[in-house]
Amino acid sequence: NKIKYVLTTHVVFVNYGLIALVAKKFNSQIKIIYPEKNYSTIRTLSIDNKNLLQIDKYYEYKKEFKKIRNKKECLEKSKNELKKRIFKNITNWKVSNVASYSKNKILKISGKRPKIIILPSCFFDANQFFRHSLFVDVYEWLDFTLYHASKTNFDWYVKPHPTRFKMNIKIFKRFEEKYKNINFLEGDTSNLTFIKNKFSSMFTYQSTASHEFAFLKIPSIVAGDSICANYDFAKPPKSINE
């Protein structure tokens with residue numbers, strides 16, 4: 001029927017992804033509808049049909065930034081927004097709807113060995129959100145990472161994603177039993193903990209925290225494609241061996 005547009009709510013979940021795949025096959029334009037503020041506002045996002053992503057073209061951020069005239073003003077605005085997020089725990093929905101820098105949950109962690117934090121994504125939410133990954137999903141990546149981490153002389157800590165999905169808890173319990181020399185924290189632990197206790201590095205699957213930790217001079221190791229992929233501080237390895 002030569003459908004020109006397909007309107008959907010998501011493209012990264014099976015229930016909606018099938019529709020998006022069919023639309024892509026027949027070259028229909030896909031738009032995602034986002035109702036906001038109790039449906040008082042509706043915004044749409046045009047989908048990149050090549051990758052079927054429901055996110056801005058983050059892999060072209062540098063190219064897009066070159067087109068902006070007021071670069072200095074934009075950089076200053078971004079820097080101030082990042083400082084608010086980290087030091088005042090103020091959330092910006094464009095980056096994430098979870099702020100993790102509360103001053104109430106800062107832990108004191110002792111030990112002379114290098115300390116490393118692992119930030120997994122939610123096991124049940126949008127594992128295929130970006131273009132590609134070295135691992136099938138978060139579970140496979142975390143199992144691989146913890147296996148190798150447990151053989152090092154470093155102190156490794158895992159902070160579960162602060163999602164509301166309770167199903168995550170059972171999986172973390174399983175990992176906790178399997179890797180007894182890894183330290184598992186509560187999901188609401190403040191990220192300020194890792195600054196105060198001078199953590200050496202952060203490992204993540206595809207977390208938006210990459211740029212936050214880089215800003216705080218804590219190197220980020222990202223397992224695959226992420227919103228920061230266009231920048232040197234979050235370049236993913238090209239292979240699992242790497």
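**Entry 1: H4 and H5**

I began with helix H4 (residues 138–149) and helix H5 (residues 167–178), which pack at an angle of about 20 degrees with their axes 11 Å apart. H4 is therefore roughly parallel to H5. I took angles under 35 degrees as roughly parallel, over 145 as roughly antiparallel, 65 to 115 as roughly perpendicular and the rest as oblique. Axes are lines fitted to C-alpha atoms, for helices over the stretch in contact, and angles run from 0 to 180 degrees between N-to-C directions. Helices (H or I, at least four residues) and strands (E, at least two) are DSSP runs, numbered from the N terminus.

I noted that this is a predicted model, in which local features need pLDDT of at least 70 and side-chain atom pairs count only at pLDDT 80 or more, while totals for chains, interfaces and linings use all residues. Residues are numbered from 1 along each chain as its sequence is written, and side-chain values use heavy atoms, with hydrogens and water left out.

I then listed the contact (heavy atoms within 4.5 Å). H4 contributes Tyr 139, Leu 142, Asp 143 and Leu 146, and H5 contributes Ile 171, Phe 172, Arg 174, Phe 175 and Lys 178. I sorted these residues of H4 and H5 into six nonpolar, no polar and three charged. For that sorting, Ala, Val, Leu, Ile, Met, Phe, Trp, Tyr, Cys and Pro count as nonpolar, Asp, Glu, Lys and Arg as charged, and the others, Gly among them, as polar.

**Entry 2: the five-stranded sheet**

I looked up the open sheet of five strands and found the order E6-E5-E4-E7-E8, with parallel pairing. Two strands pair if DSSP finds at least two bridges between them. Strand E6 (183–184) and strand E8 (220–222) are the edge strands, each pairing on one side only. Strand E5 (residues 155–158) runs parallel to E6 and is joined to E6 by two bridges. Tyr 157 stands opposite Asn 183 in E6. I also found that H4 lies across strand E4 (115–119), E5, E6 and strand E7 (201–204), and runs at about 165 degrees to E4.

**Entry 3: the three-stranded sheet**

I turned to the open sheet with the order E1-E2-E3, where the pairing is mixed. E1 and E3 each have a single partner strand, so one side of each is left without a neighbour in the sheet. Neighbouring strands here are turned by 30 degrees against each other on average, direction ignored. Four bridges join strand E1 (residues 5–8) to strand E2 (residues 29–36), and these two run parallel. Val 6 stands opposite Ile 30 in E2. E2 and E3 run antiparallel and are joined by six bridges, with Tyr 34 opposite Arg 43 in E3. On E1, I found Val 6 and Thr 8 on the covered face and Tyr 5 and Leu 7 on the uncovered one.

**Entry 4: positive phi**

Most residues other than glycine have a negative phi. I checked Asn 27, which is not a glycine and has a positive phi of about 60 degrees. Asn 27 lies in the loop between helix H1 (14–25) and E2, and at 68% relative accessibility Asn 27 counts as exposed. I also checked Leu 52, where phi is positive and near 50 degrees. Leu 52 is in the loop between strand E3 (41–46) and helix H2 (61–67), and counts as buried at 12% relative accessibility. Buried means under 20% relative accessible area, exposed over 50%, partly exposed in between (1.4 Å probe, protein chains only).

**Entry 5: Phe 215**

I placed Phe 215 in helix H7 (residues 209–215). Phe 215 is partly exposed, with a relative accessible area of 31%. Leaving aside neighbours within four places in sequence, Phe 215 is in contact with Lys 79, Leu 82, Lys 83 and Ile 86.
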